[in-house]
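Reader: I have a model open and would like to talk through how it is put together. Could you take my questions as they come?

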Amino acid sequence: MFCNNCGSQLPDGSKFCNVCGSAVGGAQQIQYGAQQIQYGVQQAQAGAQQNVQMNAGQPYQQGQP
């Protein structure tokens with residue numbers, strides 16, 4: 001989490017910046033969280049696509065009981 005005013009790194013949950021004293025808004029935390037979720041989705045999609053490409057053309061094999 002970073003201060004919107006001076007850019008200093010802040011501990012999670014801070015209400016005010018330790019360096020410049022400005023109030024810290026929650027919008028930046030939400031945006032960062034959304035970016036992390038989007039990154040996770042992209043990684044999952046890339047992994048699924050790679051798995052499909054690796055298995056393309058191979059016959060389906062059921063697992064052994």
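Reader: Which residues form the largest nonpolar core?

Author: This is a predicted model, and in it the largest nonpolar core consists of five residues, namely M1, C3, L10, C17 and V24.

Reader: Take V24, then; what does V24 touch, leaving out residues up to four places away in sequence?

Author: With those neighbours set aside, V24 touches M1, L10 and C17, and also S14, K15 and F16. M1, L10 and C17 are themselves members of the largest nonpolar core.

Reader: And C17, is that one buried or exposed?

Author: C17 is buried, because its relative accessibility is 5%, and its place is in the segment before α1. Leaving aside neighbours within four places in sequence, C17 is in contact with C3, C6, S8, L10, S22 and V24.

Reader: How do C3 and C20 stand in terms of accessibility?

Author: C3 counts as buried, at 4% relative accessibility, whereas C20 is partly exposed, with a relative accessible area of 35%.

Reader: Changing topic to the serines, where is S14, and is it buried or exposed?

Author: S14 sits in the segment before α1, the helix that covers 27–55, and S14 is buried, with a relative accessible area of 16%.

Reader: What does the side chain of S14 reach?

Author: The side chain of S14 reaches the backbone oxygen of P11, at a distance of 2.7 Å. Apart from neighbours within four places in sequence, S14 is in contact with M1 and V24, both of which belong to the largest nonpolar core.

Reader: And S8, what is that residue in contact with?

Author: Once neighbours within four places in sequence are left aside, S8 is in contact with M1, F2, C3, C17 and V19. S8 also lies in the segment before α1, and S8 counts as buried at 18% relative accessibility.

Reader: You mentioned F2; is F2 buried or partly exposed?

Author: F2 is partly exposed, with a relative accessible area of 41%, and its place too is in the segment before α1. F2 and V24 are 22 residues apart in sequence, yet their C-alpha atoms are 8.4 Å apart in space.

Reader: Stepping back to the whole protein, what does the secondary structure come to?

Author: The secondary structure comes to one helix and zero strands.

Reader: What share of the residues is buried, and what share of the contacts joins residues 24 or more positions apart?

Author: Of the 65 residues in the protein, 11% are buried. Among contacts with a separation of 6 or more, residues 24 or more positions apart account for 10%.

Methods
Residues numbered from 1 in each chain as written. Predicted model: local features only at pLDDT ≥ 70, side-chain atom pairs only at ≥ 80, totals over all residues. Heavy atoms only, no water. Core = buried A, V, L, I, M, F, W, Y, C linked by side-chain atoms within 4.5 Å. Buried < 20%, exposed > 50% of the residue type's maximum accessible area, 1.4 Å probe, protein only. Contact = heavy atoms within 4.5 Å. Helix = DSSP H or I, 4+ residues; strand = E, 2+ residues; numbered from the N terminus. Polar contact = N/O pair within 3.5 Å; in protein donor to acceptor, adjacent residues only side chain to side chain.
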